[in-house]
Amino acid sequence: MPRTVFHVDQAKSMRDQATPGHNRWHPDIPAVAEVRPGDEFRVECKDWTDGQVHDDDSANDVRDMVLDHNHMLSGPIAVAGAEPGDLLVVDYLDIGPAHTVDRGKGEQAGQGWGYTGIFARDNGGGFLTDHYPEAGKAVWDFHGRFATSRHLPGVRIASNIHPGLAGCAPSAELLAAWNRREQALIDTDPHRVPPLALPPLETNSLLGSLTGGERDRVAREGARTVPPREHGGNVDIKNLGIGSRVYYPVYVPGAKFSIGDLHFAQGDGEISFCGAVEMGGHVDIGVDLIKGGMRAYNATTPIFRPGRQEPRYNEFVSFVGISVDESGDQHYMNATVAYRRACLQAIAYLEQFGYTGRQAYLILCAAPIEGRVSGIVDIPNACCSLYLPTEIFDFDVRPGADGPVAADRGECALAD
């Protein structure tokens, strides 16, 4: 096992660790460790909510979650010799869940279990929040590389374990650009629910070992970790699993690489915002540098080579969406509308087998569905498709002459 450069006690909040991590992006958050090109090392991570979600049958924890506390990242980790303009080469050598001492089921996500959530519209929302505005939750039990949920009977998914969030620290100039452009977007509809973007917020910020006035300044300036940006960040790409190699742009001396938000499994799009099987755990990493790589490869965002450890399903039922919204209004080449319609078609289909809409929504979040932009040239309709693997179900979900066989499949966990 490689040496651990960032250790996490899963029983404690990230705020109470011997070496705390951070939940904002800023170039002045100090590095907690240094590695060298060619090194291999382990980073341990809390789940993205820092233990706010529990293994129970209520979604009150999702409904009442403190969102600006979230995305507790492990790091930053400096890489000796890294300079702005380089590419940081990160190999994901191994990824695994956290464990209790006896490797059994524990109280923290990753200790034998994980969860998927639907956020309430007035506290985070999600891709289909106008259709599913109330909180919901599914708890998944891990069985090696598979998971089942008492809240989603009849489903067994294979793991495509990966980090949802990773990247290098932004430069001061890039950080200022993020905050400026996102605030301009917010200003177009400042009272929207959910909001259009999230500006810097001092409340509940964690900034490593910074204290005093320096901490206060960084808290006022630090970017929230919710979206993906030029440095990577919260990309939530299910193919960045074991065996992947990612080339991250470097913006500050030492790169200051951080990682977190580990997922046991996820479909394309992570459509409910808490749409993966979330967990705490560890990542084994190898690093190297391509000096001047950003200019050499004209790289302004990460480049990656996917690994080959993801599950391979052979049969799918697929659904098509076009850029005509639910009210029948035509949109011009809008792939977001098209993918939403494909998701809604899949949910309506699964409801015919006895799942509630919320259960079907959660299945599409956690299962390794494939989402594709299938057509982006045929005006006025973009065409997106969603591929649902049939082999995750213990009954036949393929269309047939006898029609769907419905059964009582219960309900996901709901809020009071």
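Author: Let's start with Ala255, which sits in the loop between strand 13 (245–249) and strand 14 (257–265). Keep in mind as we go that this is a predicted model. Is Ala255 buried or exposed? Its relative accessibility is 0%, so it counts as buried.

Follow strand 14 onward and you come to another loop, the one between strand 14 and strand 15 (273–279), and that is where Glu270 is found. Glu270 isn't a glycine either, yet it has a positive phi of about 40°. Its relative accessible area is 7%, under the 20% cut-off, so Glu270 is buried.

While we're on the backbone, have a look at two prolines. The peptide bond leading from Gly75 into Pro76 is cis, with omega near 0°, and Pro76 belongs to strand 4 (residues 74–79). The bond from Ile379 to Pro380 is cis too, with omega near 5°. Pro380 is in a loop, the one that runs between strand 19 (370–375) and strand 20 (383–389).

Now for the side chains, beginning with the rings. The model has 15 aromatic pairs. Take Phe127 and Tyr339: their ring centres are 6.1 Å apart and their planes meet at 35°, so this pair is tilted. Phe127 comes from the loop between strand 6 (113–118) and strand 7 (136–143), while Tyr339 comes from helix 5 (residues 335–351), so the pair ties together parts that are 212 residues apart in sequence. The two partners also sit on either side of the cut-off for burial: Phe127 has a relative accessible area of 26% and is partly exposed, whereas Tyr339, at 12%, counts as buried.

Elsewhere, ring pairs join up into a cluster made of Phe319, Tyr349, Phe353, Tyr355, Phe393 and Phe395. Tyr355 has an arginine to go with it: Arg409 lies over the face of its ring, 5.3 Å from the centre.

Next, the inside. In soluble globular proteins, nonpolar side chains tend to be buried together. Here the largest nonpolar core has 82 residues, and Leu88 and Tyr92 are the ones that touch the most other members. Helix 5 supplies the largest share of this core, with 9 residues. There is another core apart from it, made of 15 residues, including Val89, Ala169, Leu174 and Ala223.

Definitions and conventions:
Residues are numbered from 1 along each chain as its sequence is written. This is a predicted model: local features need pLDDT of at least 70, side-chain atom pairs count only at pLDDT 80 or more; totals for chains, interfaces and linings use all residues. Side-chain values use heavy atoms; hydrogens and water are left out. Rings of Phe, Tyr and Trp (its six-membered ring) pair if their centres lie within 6.5 Å; planes under 30 degrees apart count as stacked, over 60 as edge-to-face and the rest as tilted. Helices (H or I, at least four residues) and strands (E, at least two) are DSSP runs, numbered from the N terminus. Buried means under 20% relative accessible area, exposed over 50%, partly exposed in between (1.4 Å probe, protein chains only). A charge sits over a ring if NZ of Lys or CZ of Arg is within 6 Å of the ring centre and within 35 degrees of the ring normal. A nonpolar core is a set of buried Ala, Val, Leu, Ile, Met, Phe, Trp, Tyr and Cys residues joined through side-chain atoms within 4.5 Å.
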